[in-house]
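Here are a few notes to go with your copy of the model.

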Amino acid sequence: MDAPFAAWPWQNLGVFKYVLYGPFVAKVVYERFYSEEESNPNLSWCLHLLILSALRGLLHVAWNSYSNMLFLTRNRRIIQQGIDFNQIDREWDWDNFLILQALIGSLGYYMFPFLRDLPMLNVKGLIIGLILHVGISEPLYYWGHRKFHGHNLFNRFHSLHHSSLVPQCLTAGHATFVEHLGLAIVIGIPILGACMMGYGSACLIYGYTLIFDFLRCLGHSNVEIVPHQLFQTLPFMKYLIYTPTYHSLHHTEKDSNFCLFMPLFDALGNTLNTKSWQLHQTLTSGKNSSRVPDFVFLAHIVDITSAMHVPFVLRSFSSLPFRTRFFLIPFWPITLVVVLSMWFWAKTFLLSFYKLRDRLHQTWVVPRFGFQYFLPFAADGINKHIEEAILRADKIGVKVISLAALNKNESLNGGGKLFVDKHPELRVRVVHGNTLTAAVILDEIPEHVKEVFLTGATSKLGRAIALYLCRKKVKVLMLTLSTERFQKIQKEAPLEYQSYLVQVTKYQAAQNCKTWIVGKWITPREQKWAPRGTHFHQFVVPPILHFRRDCTYGDLAAMRLPQDVQGLTSCEYTMERGVVHACHAGGVVHSLEGWKHHEVGAIDVDRIDLVWKAALKHGLTPVSSGSTIKLKPN
């Protein structure tokens with residue numbers, strides 16, 4: 001935005017913009033510890049401004065969390081399109097207005113003596129504030145908003161706010177500097193007016209400001225929560241309070257519904273959208289049934305900290321690859337309580353969605369954490385959740401459901417085979433995605449490698465990788481104590497390649513091998529046997545610790561979704577934006593190809609090249625580019 005007063009004065013400060021709160025904090029500290037005058041810090045004007053800013057920020061975050069709880073709001077979403085990373089980045093500094101209004105509030109305190117020593121409550125002031133809001137703030141905002149939709153002002157200023165195609169609660173704060181200066185005037189008129197008349201109070205300032213923000217968040221939430229029965233019982237109310245549907249129409253059509261909170265002024269100005277009430281009734285009467293997804297990725301929670309890496313906790317945090325951050329530590333006890341609650345009461349829930357070539361893809365989450373999958377007594381309960389999710393997907397018409405990581409554990413359910421055998425009439429295709437996972441790992445192995453060390457060698461993935469590599473005349477040192485299981489896999493290989501599969505029982509056997517494929521978690525002590533310069537490929541959850549500085553570590557097998565994906569909102573665990581785990585990508589390929597078979601149990605080694613070719617054909621690309629000479633992309 002190149003227009004004067006469009007850019008924020010502190011837009012180049014990044015997170016250091018919060019230093020602007022420093023003088024407020026310093027003033028509070030000074031008054032508390034160093035001031036010789038008798039003063040109660042609880043009545044400090046600077047302290048009030050800090051508390052109010054914090055409450056307003058929490059209000060916006062709480063509203064945004066609710067609107068992103070798709071398991072609660074999916075049938076009442078107004079604009080069904082998902083937001084994308086571009087919108088999240090544009091709205092990253094949505095809270096600039098809180099800093100601005102805190103600074104304006106401090107100036108007002110020193111400019112207007114009547115703002116000092118305000119009582120806690122004055123009922124007359126509340127009434128006067130309401131009258132001033134309806135009589136001055138509402139029409140002033142309506143008039144200014146219409147002016148900002150004029151061609152010149154819209155392009156120079158207001159288009160930034162409308163660049164967010166899907167309104168979110170944080171979109172309410174996403175606007176130019178000059179617009180928020182105007183909004184500060186709109187907010188300030190009822191407060192200053194009541195205080196000038198001698199009827200101001202702390203309750204007026206807190207109450208009016210927080211209600212103002214609440215209603216702004218309501219209008220931008222993209223979730224309809226106002227029941228249409230309210231307007232049927234009290235028809236005049238439709239002119240006194242707007243709804244999320246009402247304001248969403250303003251964002252989509254831009255030529256109507258300009259009011260602040262009261263549609264009365266749109267009616268008086270002849271700018272009320274005639275579709276407002278009918279669309280509102282449709283959304284709140286249960287007629288707006290959500291679309292059935294074409295593909296479902298059935299995930300699970302990894303650990304307590306990563307449980308906070310979801311859009312309905314912190315949207316900005318979930319839009320970046322997960323890593324442990326210090327600011328999450330205070331929330332750990334709360335998350336632990338939620339974990340224990342989910343163990344007893346939660347059901348599989350909808351987390352996120354995106355669209356790919358007009359197909360709706362959703363991520364459902366089994367309410368179980370990684371450590372629970374290793375508790376023997378928890379297996380039946382976990383399988384029950386997975387089975388119920390599969391049956392639900394089959395009932396509503398989902399075409400493909402892909403099982404994530406531990407949800408397809410061999411010892412848990414045989415890679416999904418348990419459910420397919422139990423319900424042979426399933427129409428939904430159950431997919432473990434391991435075929436593409438194996439292909440991604442194989443693609444990462446350089447052409448010159450002639451020997452690899454494989455842990456987790458007798459697992460589904462380990463078996464497929466070993467059988468594929470031996471056919472390429474790569475020697476595979478298979479770490480396993482079970483000679484019986486090793487020999488069973490060895491016999492599956494063509495006779496002329498069986499000698500390339502070698503059983504080893506100790507990590508010492510790989511002390512000269514620089515290519516380790518880790519399918520079973522290894523400790524730092526076990527990593528010490530790897531020679532300098534070793535690269536650790538891995539398909540183990542959770543990933544191994546990066547202990548060796550003289551070695552390199554690969555990420556979990558993953559693929560980047562095609563560029564035409566729409567509405568991708570969050571990163572999948574530690575993956576980059578637009579990147580998903582290979583088992584997720586395997587289900588996507590299965591769906592795009594329209595394959596009718598299930599992919600459960602053992603991996604068909606002969607299909608690895610076929611699945612890889614299909615993935616590349618549909619625009620999925622490997623994240624870390626290998627030589628690709630071991631696979632057949634063409």
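Which residues touch the most other members of the largest nonpolar core?

1. In this predicted model, they are Leu436, Leu469, Leu501 and Ile517, out of 65 residues in that core. Helix 20 (residues 460-471) gives the largest share of the core, eight residues. Apart from it lies another core of 48 residues, including Leu49, Ala102, Leu260 and Trp277.

2. Now to the charged pairs: the whole structure holds 20 salt bridges. In one of them, Lys399 meets Asp294 at 3.3 Å, N to O. Lys399 sits in the loop between helix 16 and strand 4, and Asp294 in the loop between helix 13 and strand 1, so the bridge ties together parts 105 residues apart in sequence. Asp294 is buried at 11% relative accessible area, whereas Lys399 is partly exposed at 38%.

3. Arg357 and Asp564 form another salt bridge, at 2.9 Å, N to O. Both lie in loops, and the pair ties together parts 207 residues apart in sequence. Arg357 is partly exposed, at 36%, and Asp564 is partly exposed too, at 35%.

4. Helix 20 comes back here: its Lys460 pairs with Glu410 of helix 17, so parts 50 residues apart in sequence are tied together. The N to O distance is 3.3 Å. Lys460 is buried at 12%, while Glu410 is partly exposed at 44%.

Notes: Residues are numbered from 1 along each chain as its sequence is written. This is a predicted model: local features need pLDDT of at least 70, side-chain atom pairs count only at pLDDT 80 or more; totals for chains, interfaces and linings use all residues. Side-chain values use heavy atoms; hydrogens and water are left out. A nonpolar core is a set of buried Ala, Val, Leu, Ile, Met, Phe, Trp, Tyr and Cys residues joined through side-chain atoms within 4.5 Å. Buried means under 20% relative accessible area, exposed over 50%, partly exposed in between (1.4 Å probe, protein chains only). Helices (H or I, at least four residues) and strands (E, at least two) are DSSP runs, numbered from the N terminus. A salt bridge is a side-chain nitrogen of Lys or Arg within 4 Å of a carboxyl oxygen of Asp or Glu.
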